[in-house]
Amino acid sequence: MRDEGERSFDEFVEARASALLRVAYALCESMHDAEDVLQVALEKTYHHWKRISRDDPEPYVRRIVVNTAISGHRRRRSRPEVQVAAVPEVAVRSESDTTDLRNALFAELRRLPPRQRAVLVLRFWMDLSETETAQALGCSVGSVKSQASRGLARLRAAVAEPAWTRGN
Amino acid sequence: MVDIENQLSAAIDDRVAGLVAATDLAERARRGGRRRRRAHSLAVAAGAVIAIGAVAAIPMLTPSTPAAPASRPLRPTGPPRFVVAATTPVVNEAPAPSWTSAQPLHPAVRPVVLDALTGRVLHPISVPPGLSWSWSLVAAAPDDRTFVLSARTAAPQTSFSFYRVHLDEDGRPSAPTLIPGSVSTRLGVPRSIALSPDATQLAYSSDAADSRQITIIDVATGRRHAWSEPRNGLLWSASWAPDGHRLAFTSEGQNGVMTVRILDTTRPGSDLTAASSPVPGLSSVHTNVWSVTYCPDGTCMIANGVYLPTGSVAAVQVAYGQILRIPLAGGSPVELARSGLGRMHLSLDGTGRYLIYTQGQSITRLDLNTGQTRKFTPAPSGTPRAKTDALYAAW
């Protein structure tokens with residue numbers, strides 16, 4: 001793949017990498033994981049670029065990002081420890097109720113099982129339909145519905161009982 | 001009861017806003033080797049990119065940036081929930097003064113409030129007494145609740161007026177409030193309207209046979225100031241910068257090509273040519289920029305244009321429409337999505353994440369973070385809509 005293919009790949013990455021990084025970050029547990037996921041996804045994309053660039057490549061790449069994030073979570077579970085740059089994010093009280101609420105929701109989102117998290121991100125942040133979400137995750141629509149329902153229930157519970165009050 | 005889905009979406013928005021990918025990702029993917037885990041370095045790099053971008057933007061913006069706006073911009077309330085849509089009937093595009101007697105070719109259609117996610121019609125919008133539904137343009141403030149629309153006087157149809165509506169949390173519009181004064185069609189019909197971020201100023205563009213102008217109206221008093229130039233050609237789109245002083249607009253050049261210019265509304269006088277300057281960074285391959293809107297942070301613009309590859313002979317065969325992000329600190333425009341060719345109208349929501357553009361009878365919603373699009377065609381309200389109507393929508 002040279003010339004035209006290389007150029008179109010460069011253009012795609014330049015135009016869409018930041019958006020894909022945001023998707024990855026919403027699915028992962030840290031910025032580092034998100035960057036790894038994006039890097040792996042783009043490597044896979046590059047190898048198949050000639051084929052996938054004939055149509056809109058973004059859904060294909062997005063699917064790789066989602067699946068890589070989910071499978072990466074499985075691998076990370078076996079790691080004994082993770083180095084971080086800063087204190088892990090926790091929900092804290094703030095002046096604004098809305099900020100409190102959103103902090104709590106995002107913190108709880110990070111605690112969800114990866115597939116459940118992915119369903120919520122795809123359905124309610126990316127506005128994908130249940131069918132589109134099922135296609136992106138390679139599962140049934142019924143599974144998407146049940147995962148979304150359970151995930152939202154956990155988030156509602158987190159709002160009802162904010163993270164900063166738990167364990168006190 | 002917390003709207004958990006919307007709050008979750010907003011929570012993720014808050015966290016991912018401003019994330020920028022490293023610039024060498026394509027090269028790294030090409031090399032194929034897995035990136036070594038370098039704790040924090042890329043995060044720092046990403047942050048640095050944002051910081052450098054912000055610093056680099058300052059010299060570009062400072063020279064024409066006047067004092068702070070008189071009042072605070074209205075804040076977005078989260079992802080947009082409502083769209084206000086209206087139509088403008090298409091008449092023969094003969095040069096003025098035939099504009100003054102131009103009559104709609106079909107009955108007018110009432111403006112409506114739509115659900116921003118599905119396009120479902122929620123509520124019709126009332127028009128103040130003495131105005132007709134015909135020739136409605138729409139502009140929105142960043143809060144997705146405050147809107148201004150235009151309407152023709154009922155008879156004789158030789159002038160326009162503007163009115164405000166405010167939506168409640170269910171999208172129900174308030175009774176319309178007329179903005180004082182009216183606009184004669186002698187100087188052309190309004191092509192686009194734009195509401196300043198603090199909702200205190202309304203700008204509209206208009207063009208006639210021998211002149212064209214941008215006019216700014218004080219929404220409270222109706223007091224107005226106009227900048228004009230003695231040329232014909234379209235002034236098609238207008239959008240306020242977040243500072244409430246600069247106004248971007250698209251204008252047709254003598255070669256018939258649409259370009260983007262910025263009007264410094266603090267400049268004295270009324271010479272539009274002297275008070276405005278072109279937007280840098282658009283090359284000859286990005287032609288015919290019909291519509292433009294400022295990003296909420298003022299560092300970029302979103303525009304739609306026609307991409308015409310250099311050296312193309314069969315231009316009609318290869319040209320295509322683009323939604324572009326134009327960085328104002330320098331650098332090339334970046335394609336965000338592809339669109340149809342031709343005229344359209346853009347509206348960016350107050351968060352800067354969601355864009356709607358209208359083309360023909362459809363509204364397309366584009367998530368700039370994810371690239372996801374959703375298209376809907378609003379059901380008509382009132383009388384049937386002619387296929388040639390131009391649809392306007394804002395949030």
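Helices are taken here as DSSP runs of type H or I with at least four residues, numbered from the N terminus, and by this assignment Arg62(A) is found in helix H4 of chain A, which covers residues 58–77. The structure is a predicted model, and the description below moves from the two chains to their interface and then to individual residues.

Of the 168 residues in chain A, 54% are buried, and its accessible surface comes to about 8200 Å², with 49% belonging to carbon and sulfur atoms. Among the contacts in chain A with a separation of 6 or more, residues 24 or more positions apart account for 63%.

Chain B, by its own assignment, has five helices and 25 strands. Buried residues make up 52% of the 395 residues of chain B, and the chain exposes about 16300 Å², of which carbon and sulfur atoms supply 57%. For contacts in chain B with a separation of 6 or more, the share from residues 24 or more positions apart is 53%.

Within chain A, helix H1 (residues 4–27) and helix H6 (residues 114–125) pack with their axes 9 Å apart and at an angle of about 135°, and H1(A) and H6(A) are therefore oblique to each other. The residues that meet in this packing are Arg22(A), Val23(A), Ala26(A) and Leu27(A) from H1(A), and Arg117(A), Ala118(A), Val121(A) and Trp125(A) from H6(A). Sorted by class, the contact of H1(A) with H6(A) has six nonpolar and two charged residues, and no polar ones.

The size of an interface is often given as the accessible area lost when the parts come together. Between chain A and chain B the buried area is about 4600 Å², with carbon and sulfur atoms giving 56% of it. On the side of chain A, the residues that lose the most area to chain B are Arg22(A), Arg102(A) and Trp125(A), which together make up 17% of what that side buries. In terms of residues, 52 from chain A are in contact with 47 from chain B. Arg62(A) has partners in both chains: residues up to four places away in sequence aside, it touches Leu20(A), Val23(A) and Met126(A) as well as Thr370(B), Gly371(B) and Gln372(B). Because its relative accessibility is 9%, Arg62(A) counts as buried.

In chain B, Ile214(B) has its place in strand E11 (residues 212–218) and counts as buried because its relative accessibility is 0%. Beyond its neighbours within four places in sequence, Ile214(B) is in contact with residues including Tyr204(B), His225(B), Trp227(B), Leu247(B), Phe249(B) and Leu272(B). Ile214(B) and Ser270(B) are 56 residues apart in sequence, with a C-alpha to C-alpha distance of 9.4 Å.

Backbone geometry sets two further residues of chain B in view. Most residues other than glycine have a negative phi. Asp144(B), although not a glycine, has a positive phi of about 60°; it lies in the loop between strand E4 (138–140) and strand E5 (146–152) and is buried, with a relative accessible area of 5%. Ala199(B), also not a glycine, has a positive phi of about 65°, and its place is in the loop between strand E9 (190–195) and strand E10 (201–207) of chain B. At 12% relative accessibility, Ala199(B) counts as buried.

Methods: Residues are numbered from 1 along each chain as its sequence is written. Chains are lettered from A and ligands numbered from 1 in the order in which they are written. This is a predicted model: local features need pLDDT of at least 70, side-chain atom pairs count only at pLDDT 80 or more; totals for chains, interfaces and linings use all residues. Side-chain values use heavy atoms; hydrogens and water are left out. Axes are lines fitted to C-alpha atoms, for helices over the stretch in contact, and angles run from 0 to 180 degrees between N-to-C directions. Helices (H or I, at least four residues) and strands (E, at least two) are DSSP runs, numbered from the N terminus. Angles under 35 degrees count as roughly parallel, over 145 as roughly antiparallel, 65 to 115 as roughly perpendicular and the rest as oblique. Contact means heavy atoms within 4.5 Å. Ala, Val, Leu, Ile, Met, Phe, Trp, Tyr, Cys and Pro count as nonpolar, Asp, Glu, Lys and Arg as charged, and the others, Gly among them, as polar. Buried means under 20% relative accessible area, exposed over 50%, partly exposed in between (1.4 Å probe, protein chains only). Accessible areas come from the Shrake-Rupley method with a 1.4 Å probe; for residues, only the protein chains shown count as cover. Buried area is the accessible area (1.4 Å probe) that two parts lose on being put together, summed over both.
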